[in-house]
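Please keep the sequence and the structure in view while reading.

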Amino acid sequence: MVVCLFSSCVYDSERACLFKNCTGDTLVIGASRYAEIDSVCLQLCSDFSSPHTEAIAFWRGSDDIEIIEPDSIGVIDVDYLFAKTDTLYFFLVKYGKVKKYSLDEIRDKKLFGKCIVTRDVDGKFDRNIRYMEP
């Protein structure tokens, strides 16, 4: 069983990029190549089996959401991450806010955090998601 689990992680790591939620909050995390929350086109998934671009339900108004718990891993499609950009924006919404407010209210009331990740000279990204100072 351990060998099967390890094999699936190796396979998934070839097509997925892993980020750790270092905020201490349970979050819904949207990713974008642009600095505006309305530009989110990818959601971090909590499951290695689904790091696909169609996993953006909350950001499109659906109740189906992916949460990333504190100190756990969020997964996104590696093709999105490395597609002709050196900067990636994560929009962080606390799970409690997602359950209480609509996306429009979250945006209008600025009930979200942001984490900006940039590629270094070696082409690597910081894999730790934290709130950024305003």
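How many bridges join β2 to β3, and in which sense do the two strands run? Two bridges join them, and the strands run antiparallel. The model under discussion is predicted, and the protein chain has an average pLDDT of 77.

**The four-stranded sheet**

- An open sheet is formed by four strands in the order β3-β2-β5-β6, and its pairing is antiparallel.
- At the edges stand β3 (42–43) and β6 (113–118), each of which pairs on one side only.
- Strand β2 covers residues 27–32 and strand β5 covers residues 87–94; six bridges join these two antiparallel strands.
- On the β3 side, the residue opposite Ala 31 is Leu 42.

**The enclosed strand β2**

- Is β2 largely enclosed or left open by the rest of the structure? Six of the six residues of β2 are buried, so the strand is largely enclosed by the rest of the structure.
- Both faces of the strand are covered. One side carries Leu 27, Ile 29 and Ala 31, the other carries Val 28, Gly 30 and Ser 32, and all of these residues are buried.

**The three-stranded sheet**

- A further open sheet has three strands in the order β4-β1-β7, and its pairing is mixed.
- The edge positions belong to β4 (73–77) and β7 (128–129); each has a single partner strand, so one side of each is left without a neighbour in the sheet.
- In general, the strands of a sheet pair through backbone hydrogen bonds, either parallel or antiparallel.
- Five bridges link β1 to β4, and these strands run antiparallel. Within this pairing, Phe 19 has Gly 74 of β4 as its bridge partner.
- Strand β1 (residues 16–21) pairs with β7 in the parallel sense, over two bridges. Lys 20 has Asn 128 of β7 as its bridge partner, and Asn 21 has Ile 129 of β7.

**Aromatic rings**

- A pair of aromatic rings is described by the distance of the centres and the angle of the planes.
- How many aromatic pairs does the structure hold? It holds two.
- Phe 19 and Phe 90 form an edge-to-face pair, with 4.9 Å from centre to centre and 70 degrees between the planes.
- This pair links distant parts of the chain, since Phe 19 lies in strand β1 and Phe 90 in strand β5, 71 residues apart. Both Phe 19 and Phe 90 are buried.
- The ring centres of Phe 91 and Phe 112 are 5.9 Å apart and the ring planes stand at 65 degrees, so this pair is edge-to-face.
- Phe 91 belongs to strand β5 and Phe 112 to the loop between α4 and β6, so the pair ties together parts that are 21 residues apart in sequence.
- Phe 91 is buried, with a relative accessible area of 0%, whereas Phe 112 is partly exposed at 25%.
- The ring of Phe 19 also has the charged end of Arg 127 sitting over it, 5.8 Å from the ring centre.

**A residue in a loop**

- Where is Ser 102 found? It is in the loop between α3 (95–100) and α4 (103–108).
- Ser 102 has a relative accessible area of 36% and is therefore partly exposed.
- Ser 102 and Phe 58 are 44 residues apart along the chain, and their C-alpha atoms are separated by 9.1 Å.

**Confidence of the prediction**

- A pLDDT of at least 70 is reached by 72% of the residues.
- Over residues 1–12 the pLDDT stays under 50, and the model has one contact beyond four places in sequence for this stretch.
- Residues 50–55 also have a pLDDT below 50, and the model gives this stretch 16 contacts beyond near neighbours in sequence.

Definitions and conventions
Residues are numbered from 1 along each chain as its sequence is written. This is a predicted model: local features need pLDDT of at least 70, side-chain atom pairs count only at pLDDT 80 or more; totals for chains, interfaces and linings use all residues. Side-chain values use heavy atoms; hydrogens and water are left out. Two strands pair if DSSP finds at least two bridges between them. Buried means under 20% relative accessible area, exposed over 50%, partly exposed in between (1.4 Å probe, protein chains only). Rings of Phe, Tyr and Trp (its six-membered ring) pair if their centres lie within 6.5 Å; planes under 30 degrees apart count as stacked, over 60 as edge-to-face and the rest as tilted. A charge sits over a ring if NZ of Lys or CZ of Arg is within 6 Å of the ring centre and within 35 degrees of the ring normal. pLDDT is the predictor's confidence in each residue, from 0 to 100. Contact means heavy atoms within 4.5 Å.
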